[in-house]
Amino acid sequence: MSADTRALLEIENLTVRLADPAADDAPKPLLEGISLSLAPGEALGLVGESGSGKSMTIRAATRLLPPRASVEGAIRFEGTDVTRMSGPALRAYRDTGVGMVFQDPRAHINPTRRIGAFLTEALVRNRGVGRREATARAAAVLGEVGIDDPARRLRQYPHELSGGMLQRVMIASVLLAEPRLILADEPTTALDVTIQSEVVGILDRLRRDRGIGMVFITHDLDLALAVCGRVAVMYAGRIVELRDAKDLHERAAHPYTLGLLGSRPSIDVRSARLTAIPGRPRGAFESGPGCAFADRCAHAQDVCRTTPPEPVRFRDGDVRCHLLDQIHSVPTAAREGGAA
Amino acid sequence: MSVRDLTKIFPGRGGGHKAVDAVSFELEPGGALGIVGESGSGKTTIARMLIGLESATAGSMSVLGRDRSRPARGAAERRARARELQIVFQDPYTSLDPSQSARAAVDEVLRHHAAGAARAARADASTRSRSRSGPDPRSAPTKATGPTSGSDPAIDTRPDADSNTRPVTSPSTNADPRDARARQTRLEELLDQVGLTERQSHARPRDLSGGQRQRVAIARALAADPAVLILDEAVSALDVSIQAQILNLLVDIRARTGIAYILISHDLAVVRQLCDSALVLRSGRVIEQGSCADILDNPAEDYTRALRAAVPVPGWRPPQH
């Protein structure tokens, strides 16, 4: 992947390891060779199961890793290497460069303070905005995220708001800092489906209107495809497939991506059997020397167990698999011939 | 199962909160009913009333013609109800005993029901006019009861060790080695049915993954040989690939055993995969009910349509405001 000067966020060959002081073993890998880039206003989805490294990737991007973690590779925000930022630069980056939205807003809002205090604190303390002006801005942003009667909400406490409402408050707090990048970690997973659709609708509109870049983490592949332009499928600390969301359903090539697509039941038809992937998802530290997916893959051969696959260009995406030509040889030619 | 006008009012200000409002449904033997709704719709309260964790304010519930609207009287009735209805919860980590291996957890239920059945049979056959409930029914599930006095259930379940070491002091209790063998066979069958390996069956919950723990919870529920199994968001917390495995497992079990399911879920695709009929709940009231395909393909109510439209599917775009 060549260095893109216009990239908002660029991660190049990021490897994160965690040392275990209790054991003499070599540090355990959490992420291995993550490379991705995000343009201003673009939305990129990170999709995967437990232990795939989705959250770890954005924690690395904000330098929120555990103290015993070692980082290799580069993470650049607007061209500046995040891993080498000094104290003030890092603070500025976290204050106004990047905003984060988490799964459980209740865990990230002080329950003893009013919504108004939560929303205006950073403006007043860090940016020297007057209290009255800060309150006015907070009320305006609440309106923007679809909250009626903002003045009343500002006087309320977190427990008086529903989970969906509180997630909007969380998004409002991020917007007040006017970041160029939003990192959203399962922002709708704890919400009812109708509320989820409203919240992703809001995120989507803000991204378009304000040109904010967004990394959207989810376990729900279809949700990622709906919200993001490109999607990275992660497994055991690696990106195994990265391609445009619009044609992932038709052109997915990695056996794991195909497995994920087959695992989800459809709302339209009942299938006799879902094409379940055997075994359970692995973390990077559990995988052997070869392809981390080899022990669950129906196609795996000797090379898969010994040699880690490098990303290759396939059907206009980047895919880490040794066997793409074999797996997709005949049907691909027929389908692509038919489509062209 | 038949449920009529089931209602739950939690006491509180202004007449309390009506969590479940006159819900009625029927479930035929071997059927599968999905109860769909968002948070606060009353789905879990219905499940809790069905299994007797919560009393109903009004209405009736029965399984196989036996009423369960009131609390069970005595252990025998509780056991009988347990054979009618079992439940698997969303989080198997909090519903399994952390100190008990998978094997022991399942065997405990088998032994409990075997002991109960034996006692009931004895009471029926007995010419002496002993109380039906025996000395103390509540001691039945504990390991100290009966001749199988070994403290480690993993040892108990080995038929050889069992028959050789068992003191034959009370021949009238369930000491028949054939029973122990039958139970052992059933234990292996259940563990095999839910796809737990030998090694996993000896592991404790903390050493198992979420999917494996849910397999233990399912095996434990099936051990009572219930007519109906309630699955309360039982696949919601699982990783996508594991969820598919458990869904396939549940389809297989139903096909093989003829068990009936009540699936409580917010996930319409999961309901479609597993259920024949469905009811949509909102604020404790049934909004719509009928066959699963009808409700999802041709929803009659706006609320059902909105629920359906909010599900991300291929080609779905978030709503623009």
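## Before you start

This is a predicted model, where local features need pLDDT of at least 70 and side-chain atom pairs count only at pLDDT 80 or more, while totals for chains, interfaces and linings use all residues. Residues are numbered from 1 along each chain as its sequence is written, chains are lettered from A and ligands numbered from 1 in the order in which they are written, and side-chain values use heavy atoms, with hydrogens and water left out.

## Helices H3 and H4 of chain A

Start with helix H3 (residues 115-127) and helix H4 (residues 131-144) of chain A, whose axes come within 9 Å and cross at roughly 135°. That angle makes H3(A) oblique to H4(A). (Angles under 35 degrees count as roughly parallel, over 145 as roughly antiparallel, 65 to 115 as roughly perpendicular, and the rest as oblique.) Helices here are DSSP runs of H or I with at least four residues, strands are E runs of at least two, and both are numbered from the N terminus. Axes are lines fitted to C-alpha atoms, for helices over the stretch in contact, with angles from 0 to 180 degrees between N-to-C directions.

Who does the touching? On the H3(A) side there are A:Leu119, A:Thr120, A:Leu123 and A:Val124, and H4(A) brings residues including A:Arg131, A:Ala134 and A:Leu142. Contact means heavy atoms within 4.5 Å. By class, this contact has six nonpolar, two polar and two charged residues. For those classes, Ala, Val, Leu, Ile, Met, Phe, Trp, Tyr, Cys and Pro are nonpolar, Asp, Glu, Lys and Arg are charged, and the others, Gly among them, are polar.

## Helices H6 and H7 of chain A

Next up: helix H6 (residues 163-176) and helix H7 (residues 193-210) of chain A pack at about 15°, with axes 10 Å apart. H6(A) and H7(A) are therefore roughly parallel. Among the residues that meet are A:Gln167, A:Ile171 and A:Leu175 from H6(A), and A:Ile195, A:Ile202 and A:Leu206 from H7(A). Sorted by class, the contact has seven nonpolar, two polar and three charged residues.

Take A:Ile195 from H7 of chain A. It's partly exposed, with a relative accessible area of 25% (buried means under 20%, exposed over 50% and partly exposed in between, using a 1.4 Å probe and protein chains only). Its C-alpha atom is 9.9 Å from that of A:Gln167, 28 residues away along the chain.

A:Ser173 sits in H6 of chain A and is buried, at 18% relative accessible area. A polar atom of its side chain lies 2.7 Å from the backbone oxygen of A:Met170. Not counting residues up to four places away in sequence, A:Ser173 touches A:Phe118 and A:Leu119.

A:Pro105 is in the loop between strand S6 (98-101) and H3 of chain A, and at 6% relative accessibility it's buried. Leaving out residues up to four places away in sequence, A:Pro105 touches A:Gly163, A:Leu166, A:Gln167 and A:Met170.

## Over in chain B

B:Ser265 belongs to strand S8 (residues 260-265) of chain B. Is it buried or exposed? B:Ser265 is buried, with a relative accessible area of 2%. Leaving aside neighbours within four places in sequence, its contacts include B:Ile35, B:Lys43, B:Glu233 and B:Val271.

Notes. A polar contact is a pair of N or O atoms within 3.5 Å; within protein, one must be able to donate a hydrogen and the other to accept it, and residues adjacent in sequence count only if both atoms are side-chain atoms.
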